[in-house]
Amino acid sequence: MDFDKLPNYRRAEIYRENYGKWKRNSLVHIGFFPVFQPLKEEFLLKKLSGNALKLYLYLGLNSGNTTGETWTSIDTIAKYFDKSPRAISNWIKELEDHQLIIRMQLAPNEAAHTFLKPYGTKMLYDKIFTDKATEMTFDLFDDNSG
């Protein structure tokens, strides 16, 4: 069967099937970093420079899935991107300014840790609680809330 001679509707079916298989297998067998819809809806995607976005993805792929924490050094990041440490520091500042990360040292003379910060919490709140009259307190990040 010659793929190029197939009608477009059949090629589209094959593309959908292949993507579905790739995604299911990747989620099970390979590390991943999710990017949620609010990154676009809150205009962060539009506001971030391309380099800051690349750094955000890099940090996400190098962070713990449950903690969002990495202690990758600026020098290591600079070598990966073939950029100066100063350029990386500027990208980090941009991500901090947009409240996507926080970078801190846990103790003097130790490696700095970078924490990914939750984004889109207002959208999550609005989806979970549409009745604004409800006088509930809750943990926004409690898996049992909805």
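Which backbone oxygen does the side chain of Thr70 reach? That of Asn62, at 3.3 Å. This is a predicted model, where local features need pLDDT of at least 70, side-chain atom pairs count only at pLDDT 80 or more, and totals for chains, interfaces and linings use all residues. Residues are numbered from 1 along each chain as its sequence is written, and side-chain values use heavy atoms, with hydrogens and water left out.

Stay with Thr70. Thr70 sits in strand 1, residues 69-70 (strands are DSSP runs of E, at least two residues; helices are runs of H or I, at least four; both are numbered from the N terminus). Thr70 is buried at 5% relative accessible area (buried is under 20%, exposed over 50%, partly exposed in between, with a 1.4 Å probe and protein chains only). Its side chain also makes a polar contact with the side chain of Thr72, at 2.8 Å (a pair of N or O atoms within 3.5 Å; within protein, one must be able to donate a hydrogen and the other to accept it, and residues adjacent in sequence count only if both atoms are side-chain atoms).

Now the aromatics. Rings of Phe, Tyr and Trp (its six-membered ring) pair if their centres lie within 6.5 Å; planes under 30 degrees apart are stacked, over 60 edge-to-face, the rest tilted. That gives eight aromatic pairs. Take Tyr58 and Tyr80: centres 4.9 Å apart, planes at 40 degrees, so tilted. Tyr58 is in helix 4 and Tyr80 in helix 5, so the pair ties together parts 22 residues apart in sequence. Tyr58 is buried at 12% relative accessibility. Tyr80 is exposed at 56%.
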